[in-house]
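Reader: I've got a structure to go through with you. Can we take it piece by piece?
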Amino acid sequence: MLNTVENGQATDKPDLLIAHGLFGSARNWGVLSKRLSTLRRVVAVDMRNHGASPWYDTQSYEDMADDLAALIDAPVDVLGHSMGGKAAMVLALKYPHKINRIIVADIAPVAYAHTQMGPIDAMRSVDLMNVASRAEAAAQLQGLEPGVDTFLLQSLDLKEKRWRLNLDVLAAEMDKIIGFPDVTGQCDAPTLFLSGANSDYVQRDHRDVIKPLFPNAKFAKIPGAGHWLHAEKPREFEAAVGAFLA
């Protein structure tokens, strides 16, 4: 069972389940979870091989979808970013009866050509046994885009001298993570593909793939935001999610 962090109380509105992206955790969504919990219970998860959730030998989207499905007793709203967005889509296609609404943040149900091995290599290069602070670890994280080191360091357990990420499995399963499974089915739930206007992760031609799977999909962009739209424009992101759920 995945580790979860809950905010708010159960109401007559569906719970909101939040699935983070690669290298993330539930704690990354702490502020937004609290702000979105005024009208409903919000449950943010640590995905498998991340945070305080169990480590497994796979990181397939089918397995991640099954992990999320095990948490759902009544239909929920689901918000997933990047890897979490792909997991949310597979969840909705495999278990449409468990879904009320879906927000997919800056990702499409397609395979991407990029890789995320750079951050894994950077984390592996840190001499964990000889760092006493996050600042010392940050000094050893090399070759990353601005801000990525700060994000990754949220998953560093200084006391235990370890990353709260199963780097070996994430590396071995990278092709699955940047890909998308050959899933069948359709989910008729209202679906919002919410993207950063400065991001290229969701292209107009992706709609030809999205619409057969999610016929009630709508599309919106947040001006001035990139792939990390919820971190770069949190108030605008919150407003868009709140308006869609309302």
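This is a predicted model: local features need pLDDT of at least 70, side-chain atom pairs count only at pLDDT 80 or more; totals for chains, interfaces and linings use all residues.

Reader: Noted. How many bridges join S8 to S9?
Author: There are 6. S8 covers residues 191–196, and the two strands run parallel.

Reader: What is the strand order of the open sheet?
Author: S1-S3-S2-S4-S5-S8-S9. That makes 7 strands, with mixed pairing.

Reader: Which are the edge strands?
Author: S1 (4–7) and S9 (217–222). Each of them pairs on one side only.

Reader: What does the twist average from one strand to the next?
Author: The average is 20°.

Reader: Which strands does helix H11 touch where it packs on the sheet?
Author: H11, residues 234–245, touches S2 (16–19), S4 (76–81), S5 (99–105), S8 and S9. The direction of H11 makes about 155° with that of S5.

Reader: Switching to helices. At what angle do the axes of H2 and H3 cross?
Author: Roughly 75°. The axes come within 8 Å. H2 is residues 61–69 and H3 is residues 83–94. Angles of 65 to 115 degrees count as roughly perpendicular, so H2 and H3 are roughly perpendicular to each other.

Reader: Which residues make that contact?
Author: From H2: Tyr61, Glu62, Met64, Ala65, Asp66, Leu68 and Ala69. From H3: Met83, Lys86, Ala87, Val90, Leu91 and Lys94.

Reader: Is H3 enclosed by the rest of the structure or open, and why?
Author: H3 is largely enclosed, because 11 of its 12 residues are buried. Among them are Met83, Gly84, Gly85 and Lys86. Val90 and Leu91, which also take part in the contact with H2, are buried too.

Reader: New topic. Where is asparagine 166?
Author: In the loop between strand S7 (162–163) and helix H7 (167–172).

Reader: Buried or exposed, and why?
Author: Buried. The cut-off is under 20% relative accessible area, and asparagine 166 has 8% relative accessibility, so it counts as buried.

Reader: What does asparagine 166 touch?
Author: Asn49, Trp55 and Tyr56. That leaves out residues up to four places away in sequence.

Key: Residues are numbered from 1 along each chain as its sequence is written. Side-chain values use heavy atoms; hydrogens and water are left out. Axes are lines fitted to C-alpha atoms, for helices over the stretch in contact, and angles run from 0 to 180 degrees between N-to-C directions. Helices (H or I, at least four residues) and strands (E, at least two) are DSSP runs, numbered from the N terminus. Angles under 35 degrees count as roughly parallel, over 145 as roughly antiparallel, 65 to 115 as roughly perpendicular and the rest as oblique. Contact means heavy atoms within 4.5 Å. Buried means under 20% relative accessible area, exposed over 50%, partly exposed in between (1.4 Å probe, protein chains only). Two strands pair if DSSP finds at least two bridges between them.
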